[in-house]
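Subject: Handover of the two-chain model

Dear colleague,

I am passing on the structure that we discussed, with a summary of what a geometric analysis found in it. Please read the notes alongside the coordinates.

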Amino acid sequence: MKCVRCRAKPEVYLRAHNSAFCRSCYVEYFRRQVERAVRRQRMLAPGERVLVAVSGGKDSLALWDVLAALGYDTTGLYLAQGIGEYSTRSRALVEAFAAARGLPLRVVDFTVEDGGMAVPDVAALTRRSPCAACGTLKRHYFDRAAREGGFDVLATGHNLDDEAARLLGNVLHWQRDRLARQRPVLEPSHPAFVRKVKPLYLLSEYETATYAFLRGIDYVVEECPNAAGATQLVYKDVLGRLEAASPGTKAAFVREFLRTGQPAFAAEPTAPPATCTRCGMPAFGEVCGHCALVAEIARKRAASLHAEAP
Amino acid sequence: MRILLRPQCRTVDLSGRRTVARLLHELGIVPGTAMVIRNDTLLLDSEMVEDDDEIEVRAVISGGAA
């Protein structure tokens, strides 16, 4: 087997494409795939300021590396979620990545935001699952950081496996509203939103991991401790087995949904979000999910202090 | 050969020459869900691993709530 581009000894073989690449040709192939997705889906325009959500994992750091290499004006956004050693390690890796490349980085620390919103504390106080609490907080702080920083676009490292697993979950439960919004580009539905894009949506986790490895990106390999048993991992496992039996299945699943299914769901009328009376961000009630959570935490902390008082 | 499985941080000792594809099959790993690394180089499924090799098998799948 030889590299499809230069005939050198290959280091990566992509089953879905029946193609092998040497190290340098693979890096070039990956960047071109991202460039093509950005261009075809009109994700980014010249001169736009891009906020890249980075977790310290392979996908988001690979995305930041590619967008910076392609010449986009990027700033990283890291959310320090207060998840013990996992957060400490991932933050250190993100800061080292940014410093080594001279890229600007913003950090939002959950442990100090809104009176202290570390994910384990929020989950324990509200009896929510850590992933549910984290999801509500992440969406809010992403949107707020993008708006307050004056960015045009928020880019996330969602890959093909993420999108296929999300699609499978949405289809299994016929989440029509979620199917309507599952796109690689989400135009803002509220003045406080910016455009959201997923430039890696057609690149598999294997492809993003190999890119990160071959580029020498030091990423957090350990999984978030709260992810054990997560439903998304079950969906990914099922899809991985289907892919192994029939290479290209995941890409066809996502591509065909976006071509034929998603437009039908998006055509159904939906009400645009209102505005949160507390923070001014989008909300589907009087207050947004984040502000409702902050209020609930404040109430429970006050009740706890009251109960402990002599 | 010594196999380091990540992110589990577990090691497995095996003996005998075999292909990477065979190794992954014996470890119960679905093809395309892990990178196989030797001496800072990725290995293809068709390549051979030997008794004195130190191999890292690094899973590529990650994720939280759906």
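The notes below take the conventions, then each chain, and then the contact between the chains.

This is a predicted model, in which local features need pLDDT of at least 70 and side-chain atom pairs count only at pLDDT 80 or more, whereas totals for chains, interfaces and linings use all residues. Residues are numbered from 1 along each chain as its sequence is written, and chains are lettered from A and ligands numbered from 1 in the order in which they are written.

Chain A

The secondary structure of chain A amounts to 11 helices and 10 strands, where helices (H or I, at least four residues) and strands (E, at least two) are DSSP runs numbered from the N terminus. Chain A has a radius of gyration of 20 Å, close to the 19 Å that the globule rule gives for 310 residues, so it is as compact as a globular protein of that length; the radius is taken over C-alpha atoms, and the rule is 2.2 Å times the number of residues to the power 0.38. Taken along the principal axes, the box filled by the C-alpha atoms of chain A is roughly 75 × 45 × 40 Å.

Two helix pairs in chain A deserve a description. Helix H2 (residues 58–69) of chain A packs on helix H8 (residues 205–214) of chain A at an angle of about 65 degrees, with their axes 9 Å apart; axes are lines fitted to C-alpha atoms, for helices over the stretch in contact, and angles run from 0 to 180 degrees between N-to-C directions. To this contact H2(A) brings A:Lys58, A:Asp59, A:Leu61 and A:Ala62, while H8(A) brings A:Thr208, A:Ala209, A:Tyr211 and A:Ala212, two residues being in contact if their C-beta atoms, placed from the backbone, lie within 7 Å. The residues of the contact of H2(A) with H8(A) comprise five nonpolar, one polar and two charged (Ala, Val, Leu, Ile, Met, Phe, Trp, Tyr, Cys and Pro count as nonpolar, Asp, Glu, Lys and Arg as charged, and the others, Gly among them, as polar).

Helix H6 (residues 160–172) of chain A and helix H9 (residues 231–245) of chain A pack at an angle of about 105 degrees, again with a stated axis separation, here 9 Å. That angle makes H6(A) roughly perpendicular to H9(A), a class that covers 65 to 115 degrees, with angles under 35 degrees counting as roughly parallel, over 145 as roughly antiparallel and the rest as oblique. Among the residues in this contact are A:Leu168 of H6(A) and A:Leu239 of H9(A), and the contact divides into five nonpolar, three polar and two charged residues.

Chain B

Chain B holds one helix and seven strands, which run β-β-β-α-β-β-β-β from the N terminus on. Five strands form an open sheet of mixed pairing in the order E2-E1-E7-E4-E5 (chain B), where two strands pair if DSSP finds at least two bridges between them. The edge strands, each pairing on one side only, are E2 (10–13) and E5 (41–42) of chain B. Strand E1 (residues 2–6) of chain B pairs with E7(B) in the parallel sense over five bridges, and B:Leu5 has B:Val57 as its bridge partner in E7(B). Strand E4 (residues 34–38) of chain B pairs with strand E7 (residues 54–59) of chain B in the antiparallel sense over four bridges; there B:Val36 stands opposite B:Val57.

Contact between the chains

The contact takes 20 residues from chain B and 36 from chain A, and the chain B side divides into 10 nonpolar, seven polar and three charged residues.

Best regards
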